Every structure is written in C-alpha cells, then in structure tokens.
Amino acid sequence: MEESISGFKLRGSWGDIVEHGERITRALRETGASGEAFEEWDEWRPKSHERLGEDVAEKTAEQAHVAEGKGERAGESPDDDLKTAGEKLTESYEKLEEDDTEGAMDRWHDSVNYVARAADSAGRKAIRKVEDTVYQKVMTQLAPYYFDNDLVSANVQQTSRMENGEEGFIFEVNVNDDDLKERVSELLASYEDEYDRWHVDTEKETETVEAAEGVEPPKRGDGPQANTN
C-alpha cells in the first residue's frame, strides 16, 4: 500500500483491492465512524463477488444521482402531485363561491406548490436517466469509478494485467477528515503487524441451505474478518 496526501493507494488483483477496502472499512469502524456516510461507503466499496464494469459501475451511477426532491421523499409521483394540484384548484373556486377569499388564496397557493413539486420530481427523474447513461456508458470509460461523500473519497480503475496473468486494478481511498485519516493510518499499520492472513468477507449463499434443511440462514458478521493463523 502507498500512503500519500491524496489517500491510501493499492495496486493489485481484484482480491487485493477488495481486502484494501475491507481493511479501511474496519479501521473506520474501529475509530467510531457510523451513520449514513459510513453506510454509503460500506455499500459502494468493491466486494469479492462483484465485477467492476457491472456492479461497481451501477453503484457509482447510483451514488452520483441527483438527490431526491420533496415530492419524491414524500413518496408522491408527478402524476399524484398534479392530481392533488387540480383538487386544490377546485377547492379554491369553491371557496370563492363561498366568499371565502382567504381560503381561496390558500388553496390556490397549495395548487401552485403541488404543480411546482410535480415539475421538480419529473425534472429530477429525467436528469437521472441521463446520468445513468453518462456515468455507466461514457464517464466510466474515460475516468475511474469513483465514490465521494463527507467521510470518504475513493476511486478504482483497471490497469494492465499483472505478471501472473490476473487483471490488475488500482484502488485509492482518502479519508476526508485529517484527524480521522491519521487514526485510520495507524490502524492500517497495526493490521500489517497483527494479521498474517486476512479473511475476505464473501457473500453468503444461504437460501439453498435454508430451503433444504428448514433452518434460518446464519446472520452475517459485523464486518471483515482476519486472524493470525
């Protein structure tokens, strides 16, 4: 592993970079990192059962999406909001007939807000369709697959084949807070001394066992495992 101001970089096979991501994830967890930013990183980092051009490309596009608007967060589609806008407009006319000017204005404002929210949701949805094409079909051919949030910035790219014939990759991860980065660095160094062999976390195939034996699938551990054997 190479350590610099731009982060922790490792060159190697797919298994090597998966292990690199797991070590950093474990170090972050041991420093107390948690919450949405940590979960986003843990989801995006390359896994042993994944492929760069498929799984990581999809996750890169997903995390780069335009954030959800108010309507989307409320679980309402543009059509739902337009329907509600029409209902509010009808109520506005009814209030006018009742000589309730204030009530009519309130309903009219509500109607305008729902129309605006519908337009916002539709616009965001259209942008995401473009993003999927750009990030998965174009950008990932020109630039590394990347991840970025408040906690971690990372990128992975494929390079020429290694001497043993395996595909080669470069995985660079930067912890954005300098104090936290220093603590992670110390933990990574300790792992080099403490663990002779790192057990890469793999996706568990439990559905077949559960169906055949009528047992509950085992719970997945809290993270990457390692031992000194």
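The model is predicted: local features need pLDDT of at least 70, side-chain atom pairs count only at pLDDT 80 or more, and totals for chains, interfaces and linings use all residues. Residues are numbered from 1 along each chain as its sequence is written, and side-chain values use heavy atoms, with hydrogens and water left out.

**Exercise 1. Work out the strand order of the open sheet and find which strands stand at the edges.**

Solution. 
- Start with the terms. Strands (E, at least two residues) and helices (H or I, at least four) are DSSP runs, numbered from the N terminus. Two strands pair if DSSP finds at least two bridges between them.
- Read the order. The five strands run β1-β2-β5-β4-β3, with antiparallel pairing.
- Find the edges. β1 (2-4) and β3 (145-148) each have a single partner strand, so one side of each lacks a neighbour in the sheet.
- From one strand to the next it averages 15 degrees. Axes here are lines fitted to C-alpha atoms, for helices over the stretch in contact, and angles run from 0 to 180 degrees between N-to-C directions.

**Exercise 2. Trace the bridges that join β3 to β4 and β4 to β5.**

Solution. 
- Take β3 and β4. Four bridges join these antiparallel strands. Asp148 stands opposite Ser153 in β4. A hairpin of three residues links the two strands.
- Move to β4 and β5. Eight bridges join this antiparallel pair. Val156 has Phe171 in β5 as its bridge partner.

**Exercise 3. Is Glu50 buried or exposed, and which residues does Glu50 touch?**

Solution. 
- Locate Glu50. This residue sits in the loop between α2 and α3.
- Check the area. Glu50 has a relative accessible area of 12%, so Glu50 is buried.
- List the contacts (heavy atoms within 4.5 Å). Not counting residues up to four places away in sequence, Glu50 touches Trp14, Arg45, Asp55, Val56 and Lys59.
- Finish with the side chain. The side chain of Glu50 reaches the backbone nitrogen of Lys47 at 3.1 Å.

How values were computed
Buried means under 20% relative accessible area, exposed over 50%, partly exposed in between (1.4 Å probe, protein chains only). A polar contact is a pair of N or O atoms within 3.5 Å; within protein, one must be able to donate a hydrogen and the other to accept it, and residues adjacent in sequence count only if both atoms are side-chain atoms.
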